[in-house]
Amino acid sequence: MKKLKQLKDYYKNNEIDMDKIIEDFTPYITTIINNGTDNAISFEDKEEIFSDTFFLLWKNKNRLHIKVSLNSYLAGITRNLIKEKYRKSRIYYDITDFENNTFNHVNMYENDRELIFDIEQKIKRLKGIDIEIVNLFYYSGISIKDIAKRLNISELNVKTRLHRVRKKIKKELNDGGI
C-alpha cells in the first residue's frame, strides 16, 4: 500500500512547500471532486473547490500538527467544500454519497486537531483486514468495489466492515465525551 503523506514530508527550509503539495495531490483532489459532484456543478465551481482546498490548507498550516495525514485532511476539506457548494446553490444533494465518510461530523477546515488526532489514533488501533480496508477507502480513496477485488472478499463484506468500524469509532468518541 502507498505510504500516506504527512505535513512534515513537505517542509523545506522551515517553510511548507505548497507547490510540491499541489503537484502531488492534484490527481487525488481532482478525483474526489469528480466523484463527489457527478457533473451536477459547473467546471468553474469545481475549480473553485480545488483552489479553496489548497487555500484552506495554506491558511491553517500553522495550526496543523506536523504529523497530520495530508491525504485525510485534504479529502475532508474537499468533501466539506463540495457539500457547502451544494448547500449554497440549493441543488439536490444525495447525502448518501458521503455517508461512508467517518469524518462527516468533523468540520475539517476549521481544524479541530484533537478530534482528528483521536480519530486517527482509534483507526491505528484497528486490527487485520479492518485497518487495511479503512486505509484503502478513506486514505487512498479506493472504491468499495476495487477494495473487494483487491482483498478477494465481497463488496458487502467491505461495506459491513466499514459500517462497523465507523460505528465503533463513533461510540468510542461519544463515550470519551467528544
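Start by selecting Lys85 and Glu48, whose side chains meet in a salt bridge with 3.1 Å from N to O. A salt bridge here is a side-chain nitrogen of Lys or Arg within 4 Å of a carboxyl oxygen of Asp or Glu. This pair links distant parts of the chain: Lys85 sits in helix H3 (residues 70–89) and Glu48 in helix H2 (residues 43–60), 37 residues apart. Helices are DSSP runs of H or I with at least four residues, numbered from the N terminus.

Before going on, a word on what you are viewing. This is a predicted model, where local features need pLDDT of at least 70 and side-chain atom pairs count only at pLDDT 80 or more, while totals for chains, interfaces and linings use all residues. Residues are numbered from 1 along each chain as its sequence is written, and side-chain values use heavy atoms, with hydrogens and water left out.

Buried means under 20% relative accessible area, exposed means over 50%, and partly exposed lies in between (1.4 Å probe, protein chains only).

Next, select Lys20 and Asp24. Their side chains form a salt bridge too, at 3.2 Å from N to O. Both residues lie in helix H1 (residues 18–37), four residues apart, or about one turn of the helix. Lys20 is partly exposed at 35% relative accessible area, and Asp24 is partly exposed at 29%.

Now move to helix H5 (residues 128–139) and helix H7 (residues 155–175), which pack at an angle of about 95° with their axes 10 Å apart. That makes H5 roughly perpendicular to H7, a label for angles of 65 to 115 degrees. The axes are lines fitted to C-alpha atoms over the stretch in contact, and angles run from 0 to 180 degrees between N-to-C directions.

To see the contact (heavy atoms within 4.5 Å), show Ile129, Asp130, Ile133, Val134, Phe137 and Tyr138 of H5 with Val158, Arg161, Leu162, Val165 and Arg166 of H7.

Last stop: zoom in on Arg161 and Asp130, which form a salt bridge with their closest N and O atoms 2.8 Å apart. The pair joins helix H7 to helix H5, and its residues are 31 apart in the chain. Arg161 is partly exposed at 27% relative accessibility, as is Asp130 at 21%.

Terms used
Helix = DSSP H or I, 4+ residues; strand = E, 2+ residues; numbered from the N terminus. Parallel < 35°, antiparallel > 145°, perpendicular 65-115°, else oblique.
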